[in-house]
There are 2 protein chains.
Amino acid sequence: MSKADLYIPTYDDVVKAHERIQPYVHKTPILTSTYFNNLSGAELFFKCENFQKAGVFKARGASNAVFSLSDEQAKKGVATHSSGNHGLSLSYAAGQRGISATVVMPRTAPQAKKDAVSGYGAKIVECEPSTSSREEVFANVVAQSGADFIHPYNDHRVIAGQGTCAKEIFEELGELDALVAPIGGGGMISGSCLTLSNISPNTKIYGAEPKQADDAYRSLKAGYIIADDAPVTIADGLKVPLKDLTWHFVSNFVSDILLASEQEIIDAMYLIWQRMKIVVEPSSAITLATILKNKPLFAGKKVGIILTGGNVDLKKVPWM
Amino acid sequence: MSKADLYIPTYDDVVKAHERIQPYVHKTPILTSTYFNNLSGAELFFKCENFQKAGVFKARGASNAVFSLSDEQAKKGVATHSSGNHGLSLSYAAGQRGISATVVMPRTAPQAKKDAVSGYGAKIVECEPSTSSREEVFANVVAQSGADFIHPYNDHRVIAGQGTCAKEIFEELGELDALVAPIGGGGMISGSCLTLSNISPNTKIYGAEPKQADDAYRSLKAGYIIADDAPVTIADGLKVPLKDLTWHFVSNFVSDILLASEQEIIDAMYLIWQRMKIVVEPSSAITLATILKNKPLFAGKKVGIILTGGNVDLKKVPWM
């Protein structure tokens with residue numbers, strides 16, 4: 001995407017997205033926990049996107065992108081090279097519209113991931129486990145099929161879709177003092193910024209990022225995008241860097257980015273499973289980890305937390 | 001409790017219980033799953049008592065018993081010798097009323113169980129790990145304190161409290177074709193029978209029981225209570241036998257008891273965690289296991305399922 005192509009979505013796009021995707025996604029519940037309120041000293045509201053279709057908030061953005069396509073484009077299908085939650089969500093959304101989705105994945109990807117993506121109906125095309133192979137194979141897929149490339153986060157349709165989550169929080173709870181969302185590529189937090197800067201401008205927005213993949217934190221401090229090559233963290237949804245569109249929102253509307261260590265992420269994940277009886281990913285649990293680490297910042301405040309997803313390998317829970 | 005003491009609770013007791021406990025328990029959500037609807041061929045409604053206070057439906061019955069006490073009795077406190085979910089729930093309820101609760105537990109009980117019970121504020125009195133020691137120690141506790149013994153299930157106040165769960169299901173969904181609840185001592189299913197026989201008499205009620213602890217199944221077939229000594233099953237909430245009060249409801253209102261093997265229970269538990277992103281106990285998952293084993297019985301029907309609790313040791317998940 002060149003700078004000239006950079007369309008910055010508006011809150012009107014979020015409203016339209018919400019109408020468009022309503023038949024295909026859940027209005028997820030917001031849970032509270034006396035235990036975590038006591039532990040944090042804040043009043044916490046957990047938006048449970050782990051209960052979302054495909055197990056992750058990305059079903060919102062993917063559905064908005066897929067159902068925004070013209071009939072002509074839709075016939076050619078959609079494609080991506082994300083083998084994680086975006087691949088799942090795009091496969092889900094394409095299935096709902098009855099169009100084809102192609103996901104380019106390294107042949108070395110775990111079989112469980114391949115099964116999950118193909119379980120929602122997408123076609124998997126394998127590449128070698130290298131960036132050059134992935135790009136070559138993906139370019140071939142798009143050239144041959146004419147499929148629309150839907151980027152996991154640097155896409156205005158995706159960001160407008162993710163913005164529907166903060167819209168639901170505001171509609172249910174009114175104005176909050178703060179919202180904490182994980183930050184990886186920045187899709188969810190950009191959608192949240194887009195929505196809240198329009199309808200709840202006094203709500204402070206915090207990103208939660210792994211200490212071991214703190215490129216967004218360093219970007220915010222530096223004032224320009226810093227992209228790391230291959231950070232290693234258990235929060236596997238948060239390894240990717242910001243891009244121009246998400247940087248726009250993060251740099252303009254995020255108050256701060258809070259960091260958590262791997263052990264803090266695991267501890268928070270364990271506590272959420274144990275106390276709230278819900279399954280969340282490390283990339284979700286990091287939000288609570290950063291709040292418990294920064295209690296003075298949130299004490300006495302009403303704080304929304306986006307639990308972004310629940311797609312974990314139950315046979316490899318990290319505290320075992 | 002002698003036969004002469006046997007007061008059989010009425011639906012009016014359930015209504016009163018519901019008003020009484022409303023400030024202290026959650027109206028838990030009812031979740032649905034497209035995946036499980038497709039898998040079962042039925043329309044399934046999961047009542048999530050794993051989200052209940054203390055992580056289990058027993059907070060209902062315990063709260064009703066505790067808040068039914070006269071002020072005079074309340075001053076003397078309550079006592080039980082259940083170290084599992086009833087101990088937790090009684091401790092929780094007593095804490096809400098600000099009265100003392102004593103739980104007699106074998107000194108060999110896992111520290112985690114002791115911590116959980118004392119975490120809610122109850123006093124633990126240890127006994128030797130034998131029935132005779134437990135009974136002796138418990139009798140001493142009651143004699144010295146005058147505490148009210150609240151039985152985990154064979155108590156009309158407890159059963160009326162558990163009946164509020166089926167009442168909430170009916171109020172939210174209207175008449176169902178069937179309700180499936182786990183059966184151990186029979187407290188939850190008795191409360192469900194009490195409620196539904198009054199307000200939804202066409203709803204068939206099924207118990208779900210471990211094949212390895214099938215005493216309720218054999219009781220229903222025989223026409224009298226059969227109590228096993230020490231059945232071994234992963235569904236640790238379902239090891240106890242029916243007693244006279246629960247037998248009254250089970251023998252009169254339960255259509256059938258369906259059995260599941262240990263592996264079927266574990267498989268269903270895994271599927272619920274994976275697909276619904278919620279943490280449930282083996283004793284809860286058995287409901288889905290029996291439905292998936294008896295698809296023709298439920299095909300095309302609207303079926304309520306009580307997911308009774310979510311108190312599991314996350315460090316010992318059974319598929320690892």
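How many bridges join S2(A) to S10(A)? Six bridges do so, and the two strands run parallel. The model is a predicted one.

**The sheet in chain A**

In chain A, six strands make up an open sheet with mixed pairing, in the order S1-S2-S10-S7-S8-S9. Its edge strands are S1 (30–31) and S9 (256–260) of chain A, each of which pairs on one side only.

Strand S2 of chain A covers residues 43–48, and five of its six residues are buried. S2(A) pairs with S1(A) in the antiparallel sense over two bridges. One residue pair here is A:Leu31 with its bridge partner A:Phe46 in S2(A). Towards S10(A), A:Cys48 stands opposite A:Leu307.

A:Glu209 has A:Leu259 in S9(A) as its bridge partner. Helix H13 of chain A, residues 282–293, packs on the sheet and touches S7 (178–182), S8, S9 and S10 (302–307) of that chain. The direction of H13(A) makes about 135 degrees with that of S7(A).

**The sheet in chain B**

Four strands of chain B form an open sheet with parallel pairing, ordered S5-S4-S3-S6. Strands S5 (123–127) and S6 (148–149) of chain B are at the edges with a single partner strand each, so one side of each has no neighbour in the sheet. Strand S4 of chain B, residues 101–106, pairs with S5(B) in the parallel sense over five bridges. Within S5(B), B:Lys123 is the bridge partner of B:Thr102.

| Strand pair | Sense | Bridges |
|---|---|---|
| S1(A) and S2(A) | antiparallel | two bridges |
| S2(A) and S10(A) | parallel | six bridges |
| S4(B) and S5(B) | parallel | five bridges |

**Helix H10 of chain B**

Which residues of helix H10 of chain B are buried? In this helix, residues 215–222, they are B:Asp215, B:Ala216, B:Ser219 and B:Leu220. Viewed down the axis of H10(B), the buried residues fall within an arc of 135 degrees, so they line one face of the helix. The cover over them includes strand S8 (204–210), helix H11 (244–253) and strand S9 (256–260) of chain B. On the face turned away from the buried side, H10(B) carries the exposed residues B:Lys221 and B:Ala222. B:Gly223 follows H10(B), and its phi is positive, near 90 degrees.

Methods: Residues numbered from 1 in each chain as written. Chains lettered and ligands numbered in written order. Predicted model: local features only at pLDDT ≥ 70, side-chain atom pairs only at ≥ 80, totals over all residues. Pairing = 2+ DSSP bridges. Contact = placed C-beta atoms within 7 Å. Axes fitted to C-alpha atoms, helices over the stretch in contact; angles between N-to-C directions. Buried ≥ 20, exposed ≤ 12 C-beta atoms within 10 Å, placed from the backbone. Arc of directions from axis to C-beta.
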